[in-house]
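Trainee: I would like to learn how to read the features of a structure like this one. Please take me through them one at a time.

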Amino acid sequence: MRRYGKNPDEDDIRVRPNPKGNRPRTNIRPKHADAGEGLVLTVDRGRLTCLIDGRTVTAMKARELGRKSAVVGDRVAVVGDLTGAKDTLARIVRVEPRTSTLRRTADDDDPFERVVVANADQLAIVTALADPEPRPRLIDRCLVAAYDAGLDPLLVLTKSDLASADSLLESYGALGVPYIVTNRDELADGSAADRVRAGLAGRMTAFVGHSGVGKTTLVNALVPEHRRATGHVNAVTGRGRHTTTSALALPLPGGSGWVIDTPGVRSFGLHHVDPSRVIHAFPDLEPGTAGCPRACSHDEPDCALDEWVTDGHADPARLYSLRRLLATRERREGD
């Protein structure tokens, strides 16, 4: 039914009143060509601390980003007051494309992914050799997450004054993962920090590990001007106490790289990991998958990798290590 005449003019059009006096919604978004480029250092209850031109600026996510969130390590575009002065608040209007995304889930049955850090290129898996006891399954899971995200893993073993690292290193020898072994005396005299810092030079490295393994203590030694609170291991449960509650990116002295300290984890779910991507971290085995059946799990009777190894193209220990990592989704970390 036609509400107006055949040739209505402006006076015939009914306009709804706008009591709020705000502007009508539009799908056209500003380009913010003059936005400042920032790096997200930490996130705390909706407030993000960003580094912009050498200044730390507190910002919040703009509404136009919708559900898209920014995490530590993200490169962002920021508008508003970028002076970093007290009680000022800027707005993050754009999150730049990420080069890498390290994710985890609460467990293997949880479909909800949590982004740990963005744009890192190395994952330092920190494990104590004693107090608390090492958890190889958690190490395996972190390795799978690193390979899936395209990060280079680095194994950092602490408290070697309490236990030997030989047996643990032997189990990961076939993977060729670089490692650094430290003890408390070396942390005290600074030699441990020097060796670890050399392995982080020129890279953005995320530190992950179980609570109480000395992760934050090591970060404090690497960046002494930004000390974070540390805890102790419970003598009854053998578990560490969560003292680091949020991830924090810190520049290494001399601008030689970045270290991201993350909260201690009790589990590292791999629900988000596609097992077919893990093989990319094994360039000596990957060509052998050409003869595998479709959707091969690489741990079944018809897997072509067995023949590939038998023909001498790769070390059998490498295939064993691959299958051990792929099986971590079926095992809990404490097993």
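Trainee: Which residues line the largest cavity?

Mentor: A cavity is a set of points, on a 1 Å grid over the protein atoms alone, where a 1.4 Å probe fits but cannot get out; lining residues have an atom within 4 Å of a point. In this predicted model, the largest cavity is lined by Ile125, Val126, Thr127, Glu133, Pro134, Arg135, Leu138, Ile139, Gly209, His210 and Val213. This is a predicted model in which local features need pLDDT of at least 70, side-chain atom pairs count only at pLDDT 80 or more, and totals for chains, interfaces and linings use all residues. Residues are numbered from 1 along each chain as its sequence is written, and side-chain values use heavy atoms, with hydrogens and water left out.

Trainee: What volume does the largest cavity have?

Mentor: A volume is the space filled by probe spheres set on the grid points, which are joined across faces, edges and corners. For the largest cavity that comes to about 80 Å³, and the structure holds one cavity of 30 Å³ or more.

Trainee: Which element gives the most to the lining of that cavity?

Mentor: Helices (H or I, at least four residues) and strands (E, at least two) are DSSP runs, numbered from the N terminus. Strand 8 gives the most, with three residues; strand 8 (122–128) and helix 1 (136–149) each supply at least two.

Trainee: How many of the lining residues are nonpolar?

Mentor: Ala, Val, Leu, Ile, Met, Phe, Trp, Tyr, Cys and Pro count as nonpolar, Asp, Glu, Lys and Arg as charged, and the others, Gly among them, as polar. The cavity lining has six nonpolar, three polar and two charged residues.

Trainee: Which residues lie nearest the centre of the largest pocket?

Mentor: A pocket is an open set of points with protein on both sides within 12 Å along at least five of seven lines. Val71, Val72, Arg114, Val115 and Val116 lie nearest the centre of the largest pocket, out of 22 lining residues. The pocket holds about 600 Å³ of space. Strand 7 (residues 114–118) supplies the largest share of its lining, three residues, and the lining divides into 11 nonpolar, five polar and six charged residues.

Trainee: In what sense do strand 12 and strand 13 pair?

Mentor: Two strands pair if DSSP finds at least two bridges between them. Strand 12 (residues 248–251) and strand 13 (residues 258–261) pair in the antiparallel sense over four bridges. Ala249 has Ile260 as its bridge partner in strand 13.
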